[in-house]
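Work through the exercises below with the sequence and the coordinates at hand. Try each task before reading its solution.

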Amino acid sequence: MGSILSALTGDAAAAADSSSVDHSAVTSFHSPQRWQLHLNSIKESSQLMVIDFAASWCGPCKFMEPEVKAMAEKFTDVSFAKIDVDELPNVAQEFGVQAMPTFVLVKKGKEVDRIVGAKKDELHKKIEKHRSF
């Protein structure tokens, strides 16, 4: 809500700094503080979180973007987060991301699986597997 008000009042810097949610239920994080708050809030939850590590210049990332949005709409019980590795390099480093796209599946604050590359079928299968237990 704050980012909406900031955008309406013309405070673009504040709006850009906050996390943003588009219509697909994929939350993009643009500040390390917001990301850490989100990660901490989900650590106690058994809800699966899929973290999409991508970059604006990455062709395979752009290919996967509509696929990830479709999965977020289908799997409403799963949290989807997007991290631009150029905006938040420390977060990417913390998760050991070395190639894009990388999808890290997290439950209760712990990594349960990982997919490196534009492998939509594999991502779909692993979400199915980990969301149910």
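This is a predicted model: local features need pLDDT of at least 70, side-chain atom pairs count only at pLDDT 80 or more; totals for chains, interfaces and linings use all residues.

**Exercise 1.** Find the buried residues of helix H3 (residues 32-42) and determine what covers them.

Solution. Start with the list: Trp35, Leu39 and Ile42 are the buried residues of H3. Next, look down the axis: these residues span an arc of only 70°, so they sit on the same side of H3. The face turned away from that side carries Gln33, Leu37 and Ser41, which are exposed. Finally, the cover over the buried residues includes strands S2 (26-29), S3 (49-54) and S4 (79-84), together with helix H5 (89-94).

**Exercise 2.** Describe the largest nonpolar core and where its residues come from.

Solution. This core has 21 residues, and those with the most contacts inside it are Trp35, Met49, Ile51, Phe53, Ile83, Val91 and Phe95. H3, S3, S4, H5 and S5 each contribute at least two residues. The largest share, 4 residues, is from S3. Take Ile51 as a case: beyond four places in sequence, its contacts include Trp35, Ile83, Phe95 and Thr102. Another core, of 15 residues, lies apart from this one and has Leu48, Met71, Phe80 and Ile127 among its members.

Notes:
Residues are numbered from 1 along each chain as its sequence is written. Side-chain values use heavy atoms; hydrogens and water are left out. Buried means under 20% relative accessible area, exposed over 50%, partly exposed in between (1.4 Å probe, protein chains only). The arc is that of the directions from the helix axis to the C-beta atoms. Contact means heavy atoms within 4.5 Å. A nonpolar core is a set of buried Ala, Val, Leu, Ile, Met, Phe, Trp, Tyr and Cys residues joined through side-chain atoms within 4.5 Å.
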